[in-house]
Structures are given as structure tokens and as C-alpha cells.
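Welcome! Please take a look at the model below, and then we will walk through some of its contacts together.

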Amino acid sequence: MSGKNILFSVLLLFVPVSIAAHILEWGELTVFITAGLAILPLAAWMGSATEELAVVVGPTLGGLLNATFGNATELIIAIVALNAGLVDVVKASITGSIIGNLLLVMGLSMLLGGLRYKEQEFQPVVARVNASLMNLAAIAILIPTAVDFTSSGISEATIQHLSIAIAIVLMAVYIMTLVFSMKTHVYLYDAGVAAAEPSEDDAEEAKSKLWVWVGVLLGATILVAVESELLVDALEVATSQLGLTALFTGVVLVPIIGNAAEHATAVTVAMKNKMDLSVSVALGSSLQIALFVAPVLVITGWVLGQPMDLNFNPFELVAVAVSVLIANSISSDGRSNWLEGTLLLAAYAVLGLAFYFHPVIDGIG
Amino acid sequence: MSGKNILFSVLLLFVPVSIAAHILEWGELTVFITAGLAILPLAAWMGSATEELAVVVGPTLGGLLNATFGNATELIIAIVALNAGLVDVVKASITGSIIGNLLLVMGLSMLLGGLRYKEQEFQPVVARVNASLMNLAAIAILIPTAVDFTSSGISEATIQHLSIAIAIVLMAVYIMTLVFSMKTHVYLYDAGVAAAEPSEDDAEEAKSKLWVWVGVLLGATILVAVESELLVDALEVATSQLGLTALFTGVVLVPIIGNAAEHATAVTVAMKNKMDLSVSVALGSSLQIALFVAPVLVITGWVLGQPMDLNFNPFELVAVAVSVLIANSISSDGRSNWLEGTLLLAAYAVLGLAFYFHPVIDGIG
Amino acid sequence: MSGKNILFSVLLLFVPVSIAAHILEWGELTVFITAGLAILPLAAWMGSATEELAVVVGPTLGGLLNATFGNATELIIAIVALNAGLVDVVKASITGSIIGNLLLVMGLSMLLGGLRYKEQEFQPVVARVNASLMNLAAIAILIPTAVDFTSSGISEATIQHLSIAIAIVLMAVYIMTLVFSMKTHVYLYDAGVAAAEPSEDDAEEAKSKLWVWVGVLLGATILVAVESELLVDALEVATSQLGLTALFTGVVLVPIIGNAAEHATAVTVAMKNKMDLSVSVALGSSLQIALFVAPVLVITGWVLGQPMDLNFNPFELVAVAVSVLIANSISSDGRSNWLEGTLLLAAYAVLGLAFYFHPVIDGIG
């Protein structure tokens, strides 16, 4: 058993500890920290399981699998929060997840992968299709706010109707994307596999343990969801004890923890030079949030009687727009190096500082 | 005679019908619908004629020819509307034509072409030059509005002077573009021909019928112009009967009908895998409107005493900016597939919904 | 001695003439014009010296050398102006230098180079890394203004703290960029040398005269700094005599003269088909201003008790954003032609016209 495995086994102890802390009421800050620590090994296990499964099912399906599992967590948390009426916090965490995956996750993957390998490559056609999808998602999020901003008075109901209509367009695009990547243009996504193909023996071994890894993936995902709940419950009190604003917490802190799984997977596979899978996880997760999670939340909110529109705070929009701009500029040529990773992280730092210093945003406390 | 030809022959009957409807005053809605139906076969004939002529003169000149003929119609309508003082409607139709060509025409071409061919290619160098031209055009349209928006008070005369100066720069760029594509860098544009070159026999046959097709092109163009006039005259009353706002009509409906010719041509040739010609028509038409039609209208308005500046409504600007962004992101690699076409159409749908729900814009109904 | 050399020798006479004009108080306009003329041959000498040194040290280091020397001048002027409390003029000259290098210098290089050579090439990987760096720089400049604009009230101190934090991020990125280009990924930048490699004899000859050219470079740089001081001192009175506003002067006139050295070098080497060096000088100079000069000024201003933040006027931001957009769109494929140069110049003309007509900007006369 390697040192890394021992560390992760020890960290797993925080799963029962955090649950005990919650039940026995050891204080919000304790729950917050223990739940945060408990998520780390779970995310690592999800990463390992995904990578093993990816050997069998190919990087695209593997990436999709991971992004779905990661975002399932976020979707559950968001629906609970939405049901409790925390509409602005849910919006902030959507913004933050998009920014975090594009800049922090992809940046760290390219930096750490780039320190090992001079230049790393991934499918440029896929990268460009993803860049265009990301542009469309940013446009869809931008438009309701722009309509509100440029009209001399618009009713909340109109913005709500527009948001629902746009949500339906986005979900249709999401389905088309699945058809494209899994049916009509599979070969584009498979090209990456050939390059990263493990030996026959590895694949055989992985296949024989397929159901073990499926079990690990499911178990870890459920536990991540439980821990995330504890974390979110304790978040408000804990972060105010740490002197952080609700906005900074919603945009920066929640998504960092919420995307830990994608984070771990993307970075791990990048360091093994499987950049196709790494970029697929980071970009794919952002796309899923914009094209699937956000529309589902708009429609769910409407059904739950907690209407959530796509009318974001203008500064959140600026942050999403510049994140998409620089992420596309860096990813669309299908190559990366450590400096490009650094640039993404620097952009994240600049935005993080701005959210830290931003004095107040309407509706977010 | 094929089924398609029979259909188009029957639709041609709407030309005299619409004229009769206008003269005999059968009601605005009747004129509107019959004129709209009459334009369809005329646009199709223009498409056929352009394609035949393109065989002889090459796709660039063919594309330019078609874009010019399509835009001649728009230019005539716009000048008439401008002379009648409908400055804001003219501006809205400029915005709408740019958006419509970039998203609707190019999107439909890539989607329908992509359903037949897995990947379609066109000259990447030309695509990139066009993307940069489109960026310049968007900047030129953006700047007067930005000057107005960021200054604490600016006279109408100053905006007018700035608009005229920018119009002159744009027209100079347009002339340079023609020199580039037809004189100094013809080989870039010819490369596309070689790939789509028809057999010697086809070219011979086309040459022998050259003047027939020139006649068809001219005749169809004139009739399109006549029908467009009927359509525009009837538009205001008819669309209010249909429950649509003047803004939606100006930005969405007028350009769809006004660009039917480009539409038909671009889609038809895309389905024959002549993507160089298809993209050339769609992008070329947008560029011609931004670099030629808009400047001509600014200067004509000044001469007619109906000053038209380039100070657009901010939401129209947002719409143009995001259209250029996503169209460039999709076209600049010189390849397309059906999903990319779908993305352009989805962006068009999002913008169309926004214009539909946009409550009111100053100066437009 | 060639005609060009004779002209430059004659223009050198304006160095003592301008100094005399300043000391003997011949009037501000005289000092302004003579100092401006004196800078031209000095910039040309700097260009020649840089080109000779570039033969020995390679185009990257040569480009960096030139950009540093050119920007040393600007940095000295800016610190003096900052110390005198002219914060808004310093900000305007930062904006203007970025725009001027991206559009005017690169545009003229591509146009004049493109008139001699049909297509010119430069390292596409380097061009794309530079494009991403430029995006990051634009984001960093945009964010403080966006925070100010989207919040309902923010203290000057908060903006100042945010600006200093962002300045530190930018300087860290700048250092990383030097590590990338000079240590870990030298080969990317060296690839350009091989193509433009002069004969062994030239290199030998250049090496033997190395110290002569170093002396010329240093001497010319010092004289450019002296002349620039005279120019700036005389600028305010002289330009108001010419009927120009302070804004136009700060954004357009100061940077044209201040970047004369980069201008001369970039254009000269472009006409010798050394596009790697040319683009490296133009883009490198913009990047140095955004990633090094601007942060240094923010921190220096803080030390000097003349706090300078990164909260620019919104129209300056629009101008920087569109300049970065079109410069990236044109440079990122690693190829150029005369039309692309024309487009950059047209964008510069449009922005120049807008600054000329812009009525007033807070804080700038």
C-alpha cells in the first residue's frame, strides 16, 4: 500500500467524524472543516474509479460519466437550496462552477501536466466544438440580463418566460451534443483513445474488475453528496466566522469543494498525459452545468414555485464571459503547456480577488 | 420536369396574385402572405442562376454576384424606408440582416449540408480573413454607441460626424477587400474552385447558356425587389394583426424574407458540398451589409436630409456582437458539421426569443 | 553612405536644436516639433542596433531587448508624470500604447511587409500564447472597472487594494513568461531564427561589432528619453495651440511618438520578411506595457503617495478590448498579408476618430 493510499484511507475517517460532528452538534466550523476533508479522499476514489472505467469504455464516455457524477452532486445540492428559496446562492454557484471548471480545474491540469510533459495534445476538432458550445452557453446566460439591462422596464414574469424558453433551447442543444459525440461523430472522440490506449493486459484487468469500480464510483458519489449537504448546511455560519462574504462563498468556495471530484480526476489524468480525458472532464463539466444543470434548475424552480430566472448579476456575467474567452483562446488549438495553465490560474486569481473585494451584490447578502 | 420545378412554377403564380392583391386592395395580410410566397420561387431561380453562373466565373465572383444581387434588393428597400423617415426600422433591418446571414443562413447551410456529409471543408485562410473583417465591422458599429454611452452628453451632430467618418473608413476597407480577393490574392479564393470543379462538359454547357442565366438572374432580382416593396408596405398592418411588435418585425421578419435569395443559394450549394460558395454567400452577405450597405445608407441619409447615424440600440449591439463571436468561432477553422449548424441556429433562436420578449426599444414602436 | 543614412544624419541635428529650443525658450510648439523630429533618427538608430544585435542573440531576445528599451523610455516618462500627479494622463498613455502597438505598429508592419511578400509567416504557437497573454492582460485591466461599475458604491481604497493585488498577479505572470520563453520553451522561439538566419559571415561581422551596437543602442535610448521629456513638457501647451483635446493627445499622440522605436524596428524587419521579430516587437511591447509597466506604475504610485488604480474610463476599456479582439483574430494563425495589416489600421482609424470626437472623459481635460 503506497503512501498516497494510506493518506487517503486516513482521510476517509473524516466521513464518520463529520457525520458525528453534525449529529452531536460539535459546531458549524467543525462540521465544515471535517466534511471538507472527508470529500478529498472520496473525490480521489471517484477519480481512480473513473479512470479505471475509462480504460474500458473510452475517454469520452469516461469523461461524461465523471462529469455527470460530479454534477449529480451539484444538482442535488442546488435543488435542495432552491427549494429552501436560496435562488441567488444557486445562481452564484452556477457561475462559480463554470468559472472554476474552466479556469481552476483546467488551469491546474495544464500546469501540473505541463511540468511533466513539454507539450500536451488533445483533439483540436473536439476542443473547437466545445469552445463553440461554451460560447453558446455564455450567450444564453448573457441574453436575459442584457434584455433586462437595455429595456426601460420589464416584468419579472417576462424575464421568467424568456428564461424558460432559453432553457428549453439549451436542453435541446445538450441532447444534440450527446447524439453528435456518441452516435454521428464518435470517431472524433475515439481518436483520442488510440493515442492513450493502455496495453491489452491493463484493459483485460480493468474489465474483470468493472463491477468493483462501478460500485466504488456509486458509493463514493453517494457519500460525496451526503458530505456536500453537511458542508452546505454549515457553510453560512462557518464562513461568516471566517470573515468571508456570502458572495465570495457562493462563487468561489462552494464550487471548489463541489468540483473536487472533477478537479482530482482532471489533474490526475493530465499528469498521466491523457489530456483528452482531462480537458473532456473540465470543459465537459462546465458545459453540463450551463447546458443541463442550469436549464433543469430553471424548470424545476418553476415547478417548485421558487421561480429561478437566468437574469444574473452583471459582474457574474462579466466573470463568465472573460472565463469563456480565455479558456477558449487557450484550449481551441488542441495543445497545452505549463504557461497556458498558469494563465488560466492567473485569470482565476484575478476574478477571485475581484469577488473578494466586490462590496455587495443585490440579493446576495 | 421534376417535382421541385413544378412546385416552383406554381409558386410563381403568386407574383401576379400579390400584385393584384395590392392593386385591388384585398387587405394587407393577403398582400403580405402572397408576396412572401412569391419571393420563394424567385429566390430559388436566383439561386439556380447564380450557381450556373458560378460554374463559369468561379465561386468567389459567383458568391459576390449573389450577395450583391440579394443586397441590392435590401439597399433599395432601405433607401425608400429611409426617405420616408423610418430611420430606426432601417437600423433594425441592418442588425437583423447581419444576424440572419451569420446565424440562420450559415446555420441552416451547415446543418443541412452536414446531414449529408460528415465533415465539410472550406478555405480556412479566407474564413479567417472574413472573421477579421466581421470583427472590424462589429467594432465600427459598436464604437458610436460606446462613445454615446460613455460620455456625459454628446450632441447628435457629433455622433453624425463620427458615423460619417467611420462610414468612409468602412467603404475604403470594402474596396480593399475587393482588390484582395479579385486581384492580389485570387489564388486563395480559387483554391476552393478546384475542389468543387465540375466536369468540362458542364462548364461548356453553362457557358453556352451564360446569357440566359444572366437574364434569369436580372429578371428574378427585379421581381424580388417589386415583391419586397409590396411586402414592406403591408408589413406594419399585417404583423400587428398577427400580434407581433415592430421591433421583432424589423429585426427578425424583414431580414428573413429579404435574405431569402442568399438563404436559398447558400443552403442549396451546401447540400451539394460546395461549402466554399455557401459560406462565401452567407458571410459575404453579412460583410456587404456591414461594410457597404450600412455606410451607403449613412451617407445617403445625410444627402437626403434624413440623417442616419451608427448609434444603435444597445441590445441590437449585444446581438450583433454575440452573433459575430459565435459565427467566427465556428467558421474560422474552415470545417463544419451538423452540430455546428445546430449551434448557430440555437444562437439565432435565443436571440429571436429575446427580441420577441424585449418589451420596448426607444424610437422603435 | 546611402540616402537614408544622410537623411537620418541630418535629422540628428534636431537633437541639439530641440535642447536649445527648450533652454532658450523658443516656444512650446517649436520644442514640440523639433523634439518630435529628433526622435525619428534616434528610433531608427535603435532599430538598426537592435536588428544587428538580434542577429547575434536571436530574434526573441532581440525583440525583448527592443521592447524593453522602448518601454524604458515610456516608464521613465510615466513615473515623472505620475510624480507630478498626472494620473489620468498616465492611464491614457497606457491605453494608447497598448492600442498603438497592437493596431498601428503591427498593422503598418503587416501592410508594408505584405506589399513585398504575398504571405508572411511567424510562429503560430508563440502567436497563440501571446494572444492568450493579451487576453489575460485585458481581463486584468477590465476587472477593477467592472467591479466599480456593477457595485452600488465602492470606496477608492478598495479599488486601490484590488488594483495592487491584480498588479502583483500580472507581474508574477510576466516573470513566468520570461521563464517560458528563455528557459523551458526556448525552442518555440528559436524556430523563427532558423528561417530568418543570416549567413555565417553576417553573424561573424555582427559579433565583432557587438559592443559598438550596444553603445549605439544605449546612447540612442538615453537621447530618446531626453527628447521625450522635452516633448511631454511642451505637449500640453503645444497641442492646445493645435486645437487638440488632452484625451486625444494622451491616447493617440503621446504613444505614437513614445513607440516610434518599436514602430521603426517592427516595420523595418517586416519589410525584410523577418515577421517573427516584427510581431514579437509589436505584441511584446503591448504585453510589456500591460504586464510590466502598468503594474510597476500602480505600485510606484502607491509608494510615491500618488495612488494610481486600474480603474480606467469605460471607453478606454472598450478600445482596449476591441483592439485585443481584432489583433488576436488576425495574429493567432501565424500568417499575415497586406489586407490584414489594412484591417488593423482601419480599426486604429475608427478608434482614433472616436477619441477625436469623444466630448469629455472625467478627470481628463
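Helix axes here are lines fitted to C-alpha atoms over the stretch in contact, and angles run from 0 to 180 degrees between N-to-C directions. This is a predicted model, in which local features need pLDDT of at least 70, side-chain atom pairs count only at pLDDT 80 or more, and totals for chains, interfaces and linings use all residues. Residues are numbered from 1 along each chain as its sequence is written, chains are lettered from A and ligands numbered from 1 in the order in which they are written, and side-chain values use heavy atoms, with hydrogens and water left out.

Let us start inside chain C. Helices are DSSP runs (H or I, at least four residues), numbered from the N terminus. The axes of H5(C), residues 87-116, and H15(C), residues 338-357, come within 7 Å and cross at roughly 145°. Their crossing is left-handed, meaning that the near helix is turned anticlockwise from the far one by less than a right angle. Contact means heavy atoms within 4.5 Å. Among the residues that meet are Leu103(C) and Met106(C) of H5(C) and Trp338(C) and Tyr348(C) of H15(C). By class, this contact has 16 nonpolar, five polar and one charged residue; Ala, Val, Leu, Ile, Met, Phe, Trp, Tyr, Cys and Pro count as nonpolar, Asp, Glu, Lys and Arg as charged, and the others, Gly among them, as polar.

Now for the contacts between chains. Buried area is the accessible area (1.4 Å probe) that two parts lose on being put together, summed over both.

| Chains | Residues in contact | Buried area |
|---|---|---|
| A and C | 30 from chain A, 35 from chain C | about 2800 Å² |
| C and B | 30 from chain C, 35 from chain B | about 2800 Å² |

Between chain A and chain C, carbon and sulfur atoms give 78% of the buried area. Trp338(A), Val350(A) and Phe357(A) supply 21% of what chain A buries there, more than any other three residues.

Which side chains meet in a salt bridge between chain A and chain C? They are Asp333(A) and Arg128(C), at 2.8 Å, N to O; a salt bridge needs a side-chain nitrogen of Lys or Arg within 4 Å of a carboxyl oxygen of Asp or Glu.

Helices H14(C) and H15(C) each supply at least two residues of the side of chain C that touches chain B, and H15(C) gives the largest share, 13 residues. That side divides into 21 nonpolar, four polar and five charged residues.
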